[in-house]
Amino acid sequence: MENQSLTSAEITQLWAAYMNDNALECQLQYFLMKVNDEDIQLILQKSLNVVQSHILQITEIFNKESYPIPYGFSLDDDVDVNAPKLFSDAYILNYLQQGFKTALEAFSISLSLAGREDVYNFFSECLREQDELLKMSNSTLQSKGLYSALPQLPTPESYDFVKNQSFLTGYFGERRPLAGSEINNLFGNYHRNALGSATLVGYSQVAKNTDVRKFLVRGKEIAQKHCEVFGSILHEDDIPAPTKMEDSVTNSTTYTFSDKLMMFYSTGLIALSVGYYGASMSMSPRRDIGTAYNRLLNEILKYAEDGANIMIKHGWMEEPPRALDRDELAKKKN
């Protein structure tokens, strides 16, 4: 029922969707001005239309609730659409595809947490839109020979059962071949880090603040190291890793995105990695792989904290919805 107040989950998911779409609108407007490929341009325009529709719908819901609209980002303050081209068309298409995959997962969670009819309908429509956009991006990547297909597995003669504890080992001696779930996660995490590395390379070239530039360069190095870890495990079973993408960044050093926007996206990439690594660890029976994920996870958690401190220092971190601070209210009364 729409006359019910928004729950904590609904407010949080709507707030996060608004912030992400508000930031994404800045990037899409810039990409649209720079892309040369007409097929990619069509996907960008459709994505921009979807994002702008989301912003309007969430604004309407918040206004009904007298809930403050996030400050977010703006085309005037956070992007120069006339700046030189920073990323290749191939990068833009891969970036879109990965974004649609991530949005599908995020909106699926949001839908599961929605009880009010208008909120449920909104996230249900979001899922349908992302499904359509992901299909378009996959088809375009395939038609241009850019699609990173997951490795294939041999067909077994019959079903089988694990017979001993060696299925779980991996520190010493002969390691068993990778399981399908391990391959999928290693491949996916490599691809996301390759895309993240290219993103941070481009961002670091146009960053103005010294703290931000150093943070982005460090993130690029972390992403590249993680690619090496995932690639080495895949190569042990003669499984090819996805291609790296640093060559999809131009040599532009002209202001393109605000440091605030780039920090928002960088910390968002870290948050995604934390979730993917945690899920990958839970689906990796081989102990050496789980240990590797745990080590890499600790590294990016420390990196995430440093990023949050930079954003707080410069007043860029907008406070998300939270519970009342009863102690603070008590102080005000006195």
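The count of aromatic pairs in this predicted model comes to 16, where rings of Phe, Tyr and Trp (its six-membered ring) pair if their centres lie within 6.5 Å, and planes under 30 degrees apart count as stacked, over 60 as edge-to-face and the rest as tilted. One of these pairs joins Phe87 and Tyr203, whose rings are edge-to-face, with 6.5 Å from centre to centre and 70° between the planes. This pair links distant parts of the chain, since Phe87 lies in the loop between helix H3 (75-78) and helix H4 (89-113), while Tyr203 belongs to helix H6 (residues 180-206), 116 residues apart. Both Phe87 and Tyr203 are buried, a word that here means under 20% relative accessible area, with exposed meaning over 50% and partly exposed in between (1.4 Å probe, protein chains only). Phe87 and Tyr203 also belong to one aromatic cluster, together with Tyr30, Phe31, Tyr91, Tyr95 and Phe257.

Helix H6 also holds Asn189, which is buried, with a relative accessible area of 2%. If its neighbours within four places in sequence are left aside, Asn189 is in contact (heavy atoms within 4.5 Å) with Phe230, Tyr276, Tyr277, Ser280 and Tyr293.

Turning to the whole chain, there are 10 helices and 0 strands, where helices (H or I, at least four residues) and strands (E, at least two) are DSSP runs, numbered from the N terminus. Of the contacts in the chain with a separation of 6 or more, 86% are between residues 24 or more positions apart. Buried residues make up 46% of the 334 residues. A compact globule of 334 residues would have a radius of gyration near 20 Å, and the 22 Å of the chain agrees with this; the radius is taken over C-alpha atoms, and the globule rule is 2.2 Å times the number of residues to the power 0.38. The C-alpha trace spans about 65 × 50 × 40 Å along its principal axes.

On the subject of charge, the chain has 31 positive and 43 negative charges, and their mean positions are 5 Å apart. Lys and Arg count as positive and Asp and Glu as negative, without His and the chain ends, and the place of a charge is taken as NZ of Lys, CZ of Arg, CG of Asp or CD of Glu.

Residues are numbered from 1 along each chain as its sequence is written, and side-chain values use heavy atoms, with hydrogens and water left out. In this predicted model, local features need pLDDT of at least 70 and side-chain atom pairs count only at pLDDT 80 or more, whereas totals for chains, interfaces and linings use all residues.
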